[in-house]
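Hi,

Here is the structure I promised to pass on.

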Amino acid sequence: METLYRSTRESASQTMTSSQAVLQGLTPDGGLFVPVTLPQADFDFDQLAQADYQTVAYEVLKLFFTDYTEAELKSCIQAAYGTQFDDPAIAPVTKHGKQYYLELFHGPTIAFKDLALQILPHLMTTAAKKNQLQAEVVILTATSGDTGKAAMAGFADVDQTKIIVFYPQAGVSAIQKQQMVTQVGENTYVVAINGNFDDAQTKVKELLNDRELHAQLAANQFQFSSANSINIGRLFPQVAYYVYAYAQLIKQGQIKNGDEVNFSVPTGNFGDILAGYYAKQLGVPIHKLICASNRNNVLTDFFNTGVYNKNREFFLTSSPSMDILVSSNLERLIFYLTGEDPKQTASLMTDLQTKGSYTLTPAMRQAVTEFWAGFVTEGQDQHEIHHLYAHHHYTIDPHTAVASAVAKQYQAATKDQRPMVVVSTASPYKFPKAVLAAITGQDHDVDGLAAVDQLHALIKTPIPATVDNLRTAPVRHHQVTEPDAMAAAIKTILKLN
Ligand SMILES: *Cc1c(COP(=O)(O)O)cnc(C)c1O
């Protein structure tokens, strides 16, 4: 059956194919694309347990991207999940202590966003061909550190595309910054913002909806799209690793087909965990999805009180990719909690825009059954890194540590003994300064590659090649701007003036 897409904010009379939705990114009314009807899956997990990642990915993607041919999807998957990953399993599941770790950091930028952003450009260029698009696709992205780099790694020198990335000048790690400013590719543009991630993301959303700018672009043979996690071409490929992880646990003899498991997910924009929610809807035996936050605990409060309130202090933490107060993908969950009511969804999103907060109805609160939420302080985060290293000789990054620690909170609070899979979203070498401090219990006056080397001397895990390469990579991007000057920066890059 064909899976068509509609907006979370308007009636289902206006639909698009999956390839059109991939090209568009956002719906014209500012809402997000959701399937008109959720696809039906009939996963044979015993069989999938013997399958490689690419095969599992195909079984998942064919449910969501129904206007792509089998050959097109398989070619996208081959291009995305190949030797650019340093582990042939792509997303290996390991066990340390009582918890399982689904390692999503074996790709070119050593963070989980590679799982989505290695495939998005291929889904997009295939979609452009299918829809006879003449214009050049301009990817506009705000990043809290990992998205921008992963998107550029995916789009660099891909035909008929340009990518412009905005990142908060003071909100990313030294390694993240170095990865960004050394990005190669004739079609990549990187601009630092004097502001935080929310400033950058809000502005990017505004520009993606700016009619005048769109018209100006169209007149110059350009079309905007987004690589942010709202694009279905990013969201749904992420469902694959939940299916794969479950199948791998069967393969390893850790569970039997049908046993329920929990996933703990370090959450920012709510994309990763939403993919888990879809995996559950498709029949993966998931009991709870643990929504793990750092001090920016707007989601913890949301799940525990039914009130989403972004009017609060914003903290810079050692898990910067989760330093977010507006989680874009949450709109899709809201849509489901309303019973797929676009009017009610739109009205809550208007509340968010005008008042900075919204409140779930009692019926909606009752509908939240799949999630459990918690958060950790910086001290608890450090403690978790230290504990895993000291007791299990396993080193995790500060984002993964948030999920690992909140998973334990959940188990202590509920006594739930089901197997727990911690979604492991970044390599410790991406955040070496914070990891070093956590393990040794002291601040080290080093950062960047010097910190990588010190960390390596301590933990001995091989340094990923992509980090080693930064030693000699020349800086190619120098631009810094105010959030209000982002539109002007784009026009200059595209030579629209
Ligand atoms: C982006 C990111 C997250 C948060 O994922 P969301 O899909 O935005 O919730 C967590 N950890 C790392 C390392 C990330 O890069």
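**What I found**

Let's start with Thr481, which sits in strand 15 (residues 480–481); strands (E, at least two residues) and helices (H or I, at least four) are DSSP runs, numbered from the N terminus. Before going on: this is a predicted model, where local features need pLDDT of at least 70, side-chain atom pairs count only at pLDDT 80 or more, and totals for chains, interfaces and linings use all residues. Residues are numbered from 1 along each chain as its sequence is written, and side-chain values use heavy atoms, with hydrogens and water left out.

Thr481 counts as buried because its relative accessibility is 12% (buried means under 20% relative accessible area, exposed over 50%, partly exposed in between, with a 1.4 Å probe and protein chains only). Apart from neighbours within four places in sequence, Thr481 is in contact (heavy atoms within 4.5 Å) with Val191, Ala192, Ile193, Asn194 and Met486.

Then there's an open sheet of six strands, with mixed pairing and the order 3-4-14-9-10-13; two strands pair if DSSP finds at least two bridges between them. Strand 3 (93–96) and strand 13 (371–375) are at the edges with a single partner strand each, so one side of each has no neighbour in the sheet. Strand 9 (residues 261–266) and strand 10 (residues 286–293) run parallel, joined by five bridges.

Cheers
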